[in-house]
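Subject: Structure for you to look through

Dear colleague,

Here is the structure I promised to hand over, and below it I have written out what was found. Please read the notes with the model open beside them.

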Amino acid sequence: MQAYRRFDSNHAFAYAVSLAKKQNKELIVYEGLRSDYPWNSERIHRFIIEGMYDNQTRANELGINYWSFVESKSNPARGILKEISKNASAIVTDDFPCFIIPEQTNKLAGKINCALFAVDSNSILPLSRFERAASAARILRIWIHKEFLKGMPERTKSIWKKEDLLGLNHNTKPPKGFGLPEDLNSFLQGLDFKDLVLPAKGVKGGRTEALKVLKSFVSKKLQKYETGRSEPNSPETTATSGLSPYLHFGHIGIEEIFQSVLNAGPGGKWNPERLSHQKPGDREHFYSESSSTNHFLDELITWRDIGYLFFWKDKPYHINLENLPDWVKTNFKKHQSDSREYIYSLEEFESANTHDELWNAAQTELVKTGKMHNYMRMLWGKKVIEWTNTYEEAFSILEHLNNKYAYDGRNPNSYTGILWCFGLFDRPWFPERNVFGNVRFMSSDSTKKKFKMKSYLEYIGELSGTSDSLFP
Ligand SMILES: Cc1cc2nc3c(=O)[nH]c(=O)nc-3n(C[C@H](O)[C@H](O)[C@H](O)COP(=O)(O)OP(=O)(O)OC[C@H]3O[C@@H](n4cnc5c(N)ncnc54)[C@H](O)[C@@H]3O)c2cc1C
C-alpha cells in the first residue's frame with residue numbers, strides 16, 4: 001500500500017488477492033512510512049499512522065498478513081523493501097501518477113527479481129481509457145460520460161469478497177522492527193522533521209474517520225452542495241465535503257463516495273440504468289435526478305480526474321510552468337516585466353503578513369487547520385501571482401505552502417489546482433490585465449461583494465490557539 005491505504009474498495013489489493021489465489025501463494029500486505037519524504041511533518045505523519053492503526057484493525061478482522069513499518073532513527077527503512085521482497089513471486093502496488101511515488105515504483109522495479117504490477121485505482125474509470133490529457137474540464141466531461149457505462153460496472157465488480165481471502169494467510173511473522181508505535185505522541189516527538197508543522201486540532205486520519213466524514217456530508221450537506229459550495233465558510237458551515245485528505249491518502253475510495261451519494265439521492269438505491277445519456281457532457285443531469293448530487297460528482301470525477309490525467313502519461317517528477325498551454329506562455333512573455341503594486345517574500349506570505357485581510361485569512365486557515373476552502377484557494381493562488389516578481393517564484397511559493405501545510409497536498413490536484421491559477425484548463429479572459437494578461441483575474445473586493453465574508457472571517461479569528469503550528 002503506497003497511495004491507496006485501505007483494504008476495502010482497493011483494486012490493487014483485489015488484484016493481489018486474485019494473484020495469490022491463482023498461484024497458490026501466501027499474501028502479505030506491506031504498508032510502510034519513511035520519514036524523509038519532501039515536506040515531511042508531524043501533521044502528515046500522524047494522519048498516515050492513524051490510518052495504519054485502522055488498517056491493522058481491519059487486517060485482524062479479515063485474518064490478513066499486514067506488515068506495517070514506520071521508520072525511526074533507531075529503525076531505518078533502508079533496504080527494507082528489497083529484504084521483504086526477496087522471496088516474493090510477485091509484487092502489486094499502486095499506480096499513483098504524482099509526487100515521489102512514480103519514481104519510487106521505478107526504483108523498486110530495478111531492485112527486485114520478480115514481477116511488479118502497478119494497479120491504477122485512481123478513479124472510477126481507469127485513466128488508461130483516455131488517450132491523452134484533456135485541455136479543459138468540458139472536454140474531459142464528455143469523454144467520461146461517453147465511457148462511463150462501459151467502464152464503471154466492470155470496475156465495481158472487480159473488488160474482492162471476504163471468501164476470496166480464505167487460505168491466503170500462512171501466519172508468517174514480519175522481520176524484527178515491523179509494527180506500529182504503541183505510544184504515537186512520544187514516537188512522533190522522537191522524530192526530526194525539517195519544519196514545525198503540527199497536527200491540526202480535531203483532524204484525524206484513517207478509514208474510520210473518513211467514513212464518518214462521508215456519512216455526515218451525505219446526510220447534512222449534499223443537497224446544499226450546488227448552491228453552497230462556493231461560499232467560503234468554516235468546515236462545519238460550508239457545504240463542501242472535507243474528503244480530500246482522505247482521498248489523497250486513500251483512506252476512502254472514490255467508488256465508495258460515488259455509491260454513497262447516489263444511494264442517498266432521490267429514487268433510493270442507484271443503478272447504472274439511471275444514467276442520463278441524452279447529452280454527454282451535461283453537468284446538471286448525468287448521474288442522478290438531483291442537480292446538487294450531479295454538481296458534487298462532477299467535482300469528484302471530472303475535476304479530480306483532469307488533474308490525475310494531466311500526470312498520467314508522463315508521470316513527471318518535477319512539474320513547472322513549462323507544463324502550461326502555449327497561449328498562457330505567450331501571455332506571460334508579454335507581461336513578465338509589468339510593474340507590481342505589492343511584492344512579498346515567502347516569509348511574509350507564510351506568516352500571513354500581507355495588506356489583504358482575505359488573503360491573510362486564507363493563509364491562516366491553511367497553516368492552522370491544514371485545509372483551505374476551495375474558493376479561497378483560487379483567490380489565494382491568483383494573488384501570489386500578482387504579488388511576486390516572477391511567475392516562477394509565484395509557482396514555487398504556492399507549491400511550497402500548499403504541500404507543506406495542506407493535508408491533501410502533494411497530490412495531482414495540488415499541482416493542477418495551482419496551475420489553474422496560472423490559466424491551465426481555463427480560457428483567455430478579457431480585458432487584458434496587468435501581470436495576468438488574458439489569464440483570469442480574481443480580486444478580494446469582488447469576493448467580498450459576491451459572498452458574505454463575515455462568518456468566514458470570524459471563524460478564522462477564532463482559530464487562534466487551535467493548533468500549535470507557526471502561530472501559537
Ligand atoms: C491553488 C489550489 C490548490 C489546490 N490544492 C489541492 C490539493 O493540494 N489537493 C487537492 O485534493 N485539491 C486541491 N485543490 C482543488 C480543490 O480546492 C480541493 O480538492 C477541494 O477544495 C477539497 O475540498 P473538499 O474535499 O471539501 O471538496 P468538495 O467540494 O467536497 O469536492 C469533493 C472532491 O472533489 C474533488 N474536487 C473538488 N473540487 C476540485 C477542484 N477544483 N479540483 C480538483 N478536484 C476537486 C476533490 O477530490 C474533493 O475532495 C486546489 C485548488 C486550488 C485552486
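**The ligand and the domains**

Because domain 2 (208–312) and domain 3 (321–462) both give residues to the shell around the ligand, the ligand lies between these two domains; the domain bounds come from an automatic or database domain assignment. This is a predicted model, in which local features need pLDDT of at least 70 and side-chain atom pairs count only at pLDDT 80 or more, while totals for chains, interfaces and linings use all residues. Residues are numbered from 1 along each chain as its sequence is written.

Of the 28 residues around the ligand, the ones that come nearest are Thr240, Ser241, Asn374, Ser414 and Gly417, where a residue is near a molecule or strand if its C-beta atom, placed from the backbone, lies within 6 Å of it. At least two residues of this shell come from each of α9 (244–248), α11 (291–312), α15 (374–386) and α17 (412–421), and α17 gives the most, with 6 residues. Helices here are DSSP runs (H or I, at least four residues), as are strands (E, at least two), numbered from the N terminus. By class, the shell has 9 nonpolar, 14 polar and 5 charged residues, with Ala, Val, Leu, Ile, Met, Phe, Trp, Tyr, Cys and Pro counted as nonpolar, Asp, Glu, Lys and Arg as charged, and the others, Gly among them, as polar.

The assignment also gives a domain 1 (1–121), and the C-alpha centres of domain 1 and domain 3 lie 35 Å apart. Their contact takes 6 residues from domain 1 and 9 residues from domain 3, two residues being in contact if their C-beta atoms, placed from the backbone, lie within 7 Å. On the domain 1 side, the residues that touch domain 3 are 5 nonpolar, no polar and 1 charged.

**Two local details**

Most residues other than glycine have a negative phi, and most peptide bonds are trans. Ser9, in the segment before α1 (11–23), has a positive phi, near 50°. A cis peptide bond, with omega about 5°, joins Phe430 and Pro431, and Pro431 is found in the loop between α17 and α18 (444–450).

With best wishes
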